Amino acid sequence: MLGTVKEFAPKSPVDLFNVMKYSRWRLPFRQKYQSFVENKYGIEIGGPSALFKTVLPLYQFVGGLDGVNFSADTVWEGRIEAGGKFNYGGDRSGHQFISEATDLSGIPTAQYDFLLSSNCLEHVANPIKALTEWRRVIKGGGALVLVLPNQKSNFDHRRPVTKFDHLLDDFTRDVGEDDLTHLDEILTLHDLSMDPPAGTPEQFRARSLKNYQNRTLHHHVFDVPLIEQVLDHVGFAIVDITTTKTDFFALATKNLEADLASE
């Protein structure tokens with residue numbers, strides 16, 4: 001265990017927590033996911049992630065990887081620079097973009113063979129808008145590897161799963177990342193005993209009111225049916241969805257038939 005933590009050199013307390021969380025086990029289906037990224041060039045939204053170094057070790061197989069983060073200063077990565085090295089393991093690095101997950105306008109269409117995202121989409125106020133952009137930058141037939149937290153084992157366990165119609169309404173209304181629609185629900189149902197970094201109820205409220213700056217809130221709560229609905233709606237063909245105690249793992253490909261159907 002200590003060797004694993006040392007190898008991945010956590011850059012923040014949050015990164016250390018994730019390495020400790022995921023370093024004990026690996027997924028039996030990982031080879032299926034590996035086949036879609038091996039020796040190919042991709043992009044990760046909200047990384048780098050300890051999960052892709054440990055339980056689903058994909059970094060070691062990719063041909064190259066760029067990264068996207070919403071800010072040059074986050075609670076997960078500390079200080080980063082646009083254009084600087086997106087370091088995802090050892091001496092391996094790619095281009096670092098500073099951009100909203102919902103706006104990848106600086107990236108050409110069909111640029112990447114695959115896209116990775118771990119425990120990020122729940123922090124996005126407009127998930128369908130984000131996934132639409134993510135799909136755009138993936139090549140035809142390219143892969144999406146999406147990991148979302150399983151509410152049953154985290155501080156969201158008291159919250160209801162978000163309705164698909166609500167996500168669709170957010171997309172239609174072009175909800176921005178400053179949205180705090182779910183704040184009252186979160187403040188009422190968030191289990192602070194399972195989220196020590198959040199502090200007291202007063203500290204948690206103060207932090208949550210500044211979510212546009214820190215992006216720590218989980219706007220939405222997902223389960224397998226919702227993941228299936230959203231991916232199908234955006235135009236992904238699902239290859240696999242696996243549920244573990246802590247997460248939902250989804251592997252999907254960019255479905256070009258969806259583009260033809262919309263023409």
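Predicted model: local features only at pLDDT ≥ 70, side-chain atom pairs only at ≥ 80, totals over all residues.
Reader: Which residues make the contact between H4 and H9?

Author: On the side of H4, the contact is formed by Ile128, Leu131, Thr132 and Arg135. H9 contributes Val230, Leu231, His233 and Val234. By class, the residues of this contact comprise five nonpolar, two polar and one charged.

Reader: What makes H4 count as mostly covered?

Author: A residue is buried when its relative accessible area is under 20%. Eight of the 11 residues of H4 are buried, and on that count H4 is mostly covered. The buried residues of H4 are Pro127, Ile128, Ala130, Leu131, Glu133, Trp134, Arg135 and Val137.

Reader: In what order do the strands of the open sheet lie?

Author: The eight strands follow the order E5-E6-E2-E1-E7-E8-E10-E9, and their pairing is mixed.

Reader: What makes E5 and E9 edge strands?

Author: Strand E5 (85–89) and strand E9 (236–243) each pair on one side only, and they are the edge strands of the sheet. Between neighbouring strands of this sheet, the average turn is 25°, with direction ignored.

Reader: How do you know that E1 and E7 pair?

Author: Two strands pair if there are at least two bridges between them. Strand E1 (residues 41–45) is joined to strand E7 (residues 112–118) by four bridges, and the two run parallel. One of the residues involved is isoleucine 43, whose bridge partner in E7 is leucine 115. E1 also pairs with E2, in the parallel sense, over five bridges. In that pairing, tyrosine 41 has glycine 64 of E2 as its bridge partner.

Reader: How do you know whether leucine 65 is buried or exposed?

Author: The relative accessible area of leucine 65 is 0%, which lies under the 20% limit, so leucine 65 is buried. Leucine 65 lies in strand E2 (residues 64–69). Apart from its neighbours within four places in sequence, leucine 65 is in contact with a set of residues including Tyr41, Ile43, Tyr59, Phe86, His95, Phe114 and Leu116. The C-alpha atoms of leucine 65 and phenylalanine 86 are separated by 8.0 Å, with the two residues 21 apart along the chain.

Reader: How many bridges join E5 to E6, and in which sense do the two strands run?

Author: Four bridges join E5 to strand E6 (residues 92–98), and the strands run antiparallel. Within this pair, asparagine 87 has serine 93 of E6 as its bridge partner. E5 and E6 form a hairpin with two residues between them, and glycine 90 in the turn has a positive phi of about 60°.

Reader: Why does aspartate 170 count as buried?

Author: Aspartate 170 has a relative accessibility of 1%, and a value under 20% is required, so aspartate 170 counts as buried. Aspartate 170 lies in helix H5 (residues 164–172). Leaving out residues up to four places away in sequence, aspartate 170 touches Ala125, Asn126, Val175 and His220.

Reader: What share of the protein chain is made up of buried residues?

Author: Buried residues account for 50% of the 263 residues in the protein chain. The secondary structure of the chain comes to 10 helices and 10 strands.

Methods:
Residues numbered from 1 in each chain as written. Heavy atoms only, no water. Contact = heavy atoms within 4.5 Å. Nonpolar A, V, L, I, M, F, W, Y, C, P; charged D, E, K, R; others polar. Buried < 20%, exposed > 50% of the residue type's maximum accessible area, 1.4 Å probe, protein only. Axes fitted to C-alpha atoms, helices over the stretch in contact; angles between N-to-C directions.
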